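Here is a set of questions and answers for someone meeting this structure for the first time. Each answer sets a value against the rule behind the word.

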Amino acid sequence: MLDVLIIGSGGAGLTAALSAKERGASVLVVGKAYPTNSQTSMAQGGMNAALGNVGEDHIDSHIADTIKSAHGLCDENMVKKMCADAPKTIQWLESIGVPFSRLDNGRSGAETIAQRQMGGASAKRACYAQDYTGLKILHTLYDTCLKNNIDFLNEHYLLNLITEDGSVRGATFLDIRTGEVTQINAKSVILATGGYGSIYHGYTTNAYGSTGDGVAAVLRAGGSVSDMEFVQFHPTALKGSSILISESARGEGGYLVNTKGERFVDELKPRDVVARAIFSEFQKGEEVFLDVRHLGEETLMELLPQEVELCKLHEHVDPATQLIPIKPVAHYSMGGIDVDNMLEVNGIKGCFAVGECANAKVHGANRLGGNSLLEITAFGKFAGENASNHATNIVLHEINNHQLQQDKHYLENLYAKDHTINFYEKREGLGKIFYEKVGIVRDNVQLTEAMQTLNVIGASHKDMGLADKSPTNNTNLIDFLEFSNTLQLAPTIISSALTRDESRGAHFKTGFESLDDEKFKMHIVSHLERES
Amino acid sequence: MKINILRSESNTQQSYALQDKETTLLNALTHIKATQDATLTFTAGCRASVCGTCAVRVNGKEQLACAYKVQDGDVVEPLQYHPILRDLKVDKNKAKETLLKSTAWIQNFTEAALTHKDEKFSETQTDCILCDSCYSACPVYAVNPDFLGPFALTRVYRYATDKRESDTKSIIDNVQTNGVWDCILCGECTMACPKGIDPKMDILMLRGESVSHGHTDPSFATQSFGSPDFSGGFGFDPNSGF
C-alpha cells in the first residue's frame with residue numbers, strides 16, 4: 001500500500017512529496033490539473049527569510065513582524081518554527097537551482113540572493129526572482145520531482161477522503177478524462193489543495209480552481225476548519241480584471257493616490273490596513289491608482305516585468321507613464337483546515353494539511369506578504385516528514401470501498417437528474433454577494449443578508465445540475481463540484497464573521513471597530529453536524 | 001461579433017455570438033460555457049498568463065486565451081501535436097515527459113558565486129510557464145514525435161549553463177538523441193512563445209555546448225548552420241543577454 005498520498009500539486013504538495021520520498025516513503029501526487037498549473041505560479045513578490053543580505057535582519061525580527069501582523073491569533077511556536085526554518089529552506093531552494101534575483105556583493109551561494117521590502121516587514125527580507133518568484137520556485141520544484149522520480153497522477157479531482165474510526169485510509173477521485181471514480185488507499189494523506197478565495201468569483205486574484213476542495217472534503221470527513229472569516233484582501237488588483245499587481249510594486253517605492261492625486265496611506269503598512277484605506281477612499285467617491293511612474297521604465301522592467309505586461313494588456317495602461325487603476329480583491333485564505341502543531345488535521349488521524357488549505361496558525365488574522373511561499377516550502381517539508389513517519393507505524397489491512405460506491409452513486413444521480421437552475425449564474429451571484437457583504441469592511445446586517453441569500457442558493461442546490469452529460473472530460477461537472485465545495489464552505493465564513501463582534505486584522509466590522517481580546521482572542525472552529 | 005470554435009465531437013467549427021466589446025478569449029469562453037453552451041470544453045487557471053493552462057490556437061497561431069483579445073471571425077482550435085481530449089482540451093502528459101527524458105534539472109549542485117549578470121543570463125528562459133505553445137508550433141513533431149522539443153531544450157540550456165551545475169556534461173549527453181541536432185531552426189517556437197523565450201537560440205547555444213563536450217553534428221553537411229559563433233539571422237534576439 002502507498003505510504004503517502006499527496007493531494008494537490010502546487011508548491012506545498014511538491015515539497016511534501018520530495019520530503020516524504022527522501023525519507024524512504026512511497027509517494028504519489030494527485031492533482032486536478034498538471035503540477036505547474038497551480039496557484040503557486042501566481043505568487044509574485046517574494047519569499048521571506050531573515051538572511052540579512054541587504055541590511056541587517058534577524059530571525060527574531062521576522063518572528064516579531066509575523067506575530068504582530070497576526071493580531072494575537074497565531075501559534076507563536078509555529079511562527080517560530082517557520083521563521084527559523086526559512087534560511088535553510090532558501091538554502092535548499094538554492095541547491096535545487098531556483099533562479100533567484102541576485103546582488104553584486106562578491107559573495108557566494110544564498111548570500112547573493114536579492115531581498116526586497118514588503119509590507120509589514122522591518123527589513124528587506126523577501127527573496128525574489130523578479131516578480132515571478134512563485135513561478136520559478138514551482139517549476140524548479142517540479143524539475144526536482146522529476147529528477148527524484150516522484151509519481152504523478154494528473155487530472156484527478158478529489159471527491160472525498162476515506163476514513164475509518166477517525167483515521168484516514170485514502171481518498172476517492174474522479175478521473176476527469178474517463179469519468180471513472182477511483183479509490184487510492186494510503187497510510188498517510190497530505191492535503192495541499194489550496195485556498196478558498198474563489199468563493200469571491202470575479203472579485204479575487206485567485207485562479208478559477210481555488211475552490212477549497214480539500215477544505216470542504218475535510219468538513220465532509222468529520223474534520224474541523226478554523227479562522228474561516230479571515231480572508232485577506234490584496235490592496236492592488238487591476239480594477240477591471242481583478243488581476244494581481246504585486247505588493248513589491250509598493251515595496252520598490254510605488255505610491256497609492258486618489259483621483260485628486262493625493263497619497264492617503266503609508267503604502268508599506270500590512271495589507272489589511274492598506275485595503276481598508278483604499279475602501280474608505282471608495283466610500284468617499286474617489287478612485288484609487290497605483291503610481292509607479294517615478295520608478296522609471298528601466299527599473300520597472302528590471303523589477304516588475306510581469307506587472308508592466310499585465311497592465312498594458314488588461315488595462316491599456318503603461319505603468320511607466322500612466323496611473324494604474326486598482327481595487328482590493330480577495331487574495332488569500334488565512335483560515336482553513338484546522339491542524340495541530342504537527343500539521344495533522346484535527347479530527348482525522350494520519351491526514352495532514354499544508355499550505356493555503358491549512359490553518360497552521362502562522363498568519364493569524366493577517367498574512368504578511370512573502371510568508372506564503374515560505375509556509376508552503378518550510379511546512380511542505382515538515383508535512384512530508386510527519387506523514388512519512390506516521391506511515392511507518394501503520395499496519396496494512398483491507399480497506400472497504402464504501403466511499404467509492406457512495407461517490408459513484410452520487411455522480412450517477414447527478415447525471416440522471418434534470419435541473420432548472422444554471423449554477424454558473426449562482427457562482428457569479430455568490431462571488432458578488434461575498435465581495436459586497438463579506439468583504440473588506442463588514443457589518444452584522446450585511447452579513448445576515450449574505451447568510452440569507454446563501455441559504456436561498458443552498459436550498460436551490462438540489463435544482464442545479466449538469467447541462468453537459470458527457471461522461472468524459474466533463475469540465476461542466478468539475479465546475480459544478482467546485483461550486484458545490486464553495487457552497488459548503490461559505491456558511492462557515494459568514495457564521496464565524498457574524499460571531500466575531502470585533503475587528504482584528506483582515507476581519508473589520510462596523511460597530512465593533514476595536515480588538516476585543518477578552519471575548520475573541522480565540523480561533524472559531526467549525527465542523528459539520530453529523531447525521532446520527 | 002462571432003467566433004468559431006473547433007468542436008471535437010463533430011470535427012466542425014461551431015459559431016458563437018458575443019457582444020461587440022473588448023474581451024479576452026478566456027472571458028469569452030467562460031461566458032459561452034456559463035450562458036450558451038455548457039458542453040464547450042477548455043482548460044484555464046490564473047487568467048494572468050502565468051499558469052500555462054489555457055494555450056490554444058487562434059487563426060493558426062498559438063495564444064494564451066487569457067491574453068488574447070477576441071476579434072470578429074476568429075477561428076479557435078486546440079494545440080497541434082497533442083492528443084485532443086475534447087474540444088480545446090488536450091493531453092499534455094507526453095510533452096511533459098520530454099522534461100524527464102532531457103534530465104532538465106541540476107545534476108550535481110555546487111555552491112557558486114552568482115551575480116546580477118548570472119540572473120539576467122537565464123531570466124527569460126526561466127519565465128517558461130509550460131503552456132505547450134512551442135510544441136504546438138514545432139514542425140519537427142510532424143515527422144518525429146520523439147523530439148525532445150523547444151521547452152525541454154530551453155530548460156536544459158538553462159540548467160546546463162547554471163554556475164551551480166558541476167556536471168554539465170551529463171545533461172548535454174542526455175540531449176543528443178532526438179534533441180539538439182533534430183531541431184530545424186525554423187524559429188516557429190520563438191514566434192509562438194507568449195513569454196518572449198527564444199528556444200531556437202537556446203538550441204543553437206546547446207549545439208555549441210555539445211561540440212565543446214565532444215559531440216558532433218550527426219548531419220555533418222549542415223555544420224556551418226549550427227556553429228556556436230552564430231551571430232545573426234532570423235530569431236536572434238539582441239537583448240537575450242549575450
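**Chains, domains and contacts**

Q: What share of the 532 residues in chain A is made up of buried residues?
A: In this predicted model, 62% of the 532 residues in chain A are buried. A residue is called buried if 20 or more other C-beta atoms lie within 10 Å of its own.

Q: What secondary structure does chain A have?
A: Chain A has 15 helices and 18 strands.

Q: Why is chain A called as compact as a globular protein of that length?
A: The globule rule gives 24 Å for 532 residues, and the radius of gyration of chain A, 22 Å, is close to that, so chain A is as compact as a globular protein of that length. Along the principal axes, the C-alpha atoms of chain A fill a box of roughly 65 × 55 × 50 Å.

Q: What part of the contacts in chain A with a separation of 6 or more comes from residues 24 or more positions apart?
A: Such residues account for 75% of those contacts.

Q: What makes residues of chain A and chain B count as being in contact?
A: Two residues are in contact if their C-beta atoms lie within 7 Å. By that rule, 45 residues of chain A are in contact with 44 residues of chain B. On the chain A side, α3 (76–96), α4 (133–147), α9 (305–315) and α14 (475–499) each give two or more residues. The largest share, seven residues, comes from α4(A).

Q: How do the residues on the side of chain A that touches chain B divide?
A: They divide into 17 nonpolar, 20 polar and eight charged.

Q: Which domains does chain A have, and how far apart do their C-alpha centres lie?
A: Chain A is divided into domain 1 (235–329) and domain 2 (402–509), with C-alpha centres 31 Å apart. Five residues of domain 1 of chain A are in contact with five residues of domain 2 of chain A. On the domain 1 side, helix α7 (residues 271–283) of chain A gives the largest share, four residues. That side has three nonpolar, no polar and two charged residues.

Q: Which domains does chain B have, and what separates their centres?
A: Chain B is divided into domain 1 (2–90) and domain 2 (93–226), and 29 Å separate their centres, taken over C-alpha atoms. The contact takes 13 residues from domain 1 of chain B and 12 residues from domain 2 of chain B. On the domain 1 side, β3 (55–58) and β4 (61–64) of chain B give two or more residues.

Terms used: Residues are numbered from 1 along each chain as its sequence is written. Chains are lettered from A and ligands numbered from 1 in the order in which they are written. This is a predicted model: local features need pLDDT of at least 70, side-chain atom pairs count only at pLDDT 80 or more; totals for chains, interfaces and linings use all residues. Ala, Val, Leu, Ile, Met, Phe, Trp, Tyr, Cys and Pro count as nonpolar, Asp, Glu, Lys and Arg as charged, and the others, Gly among them, as polar. Domain bounds come from an automatic or database domain assignment. The radius of gyration is taken over C-alpha atoms; the globule rule is 2.2 Å times the number of residues to the power 0.38. A residue is buried if 20 or more other C-beta atoms lie within 10 Å of its own, exposed if 12 or fewer, and partly exposed in between; C-beta atoms are placed from the backbone.
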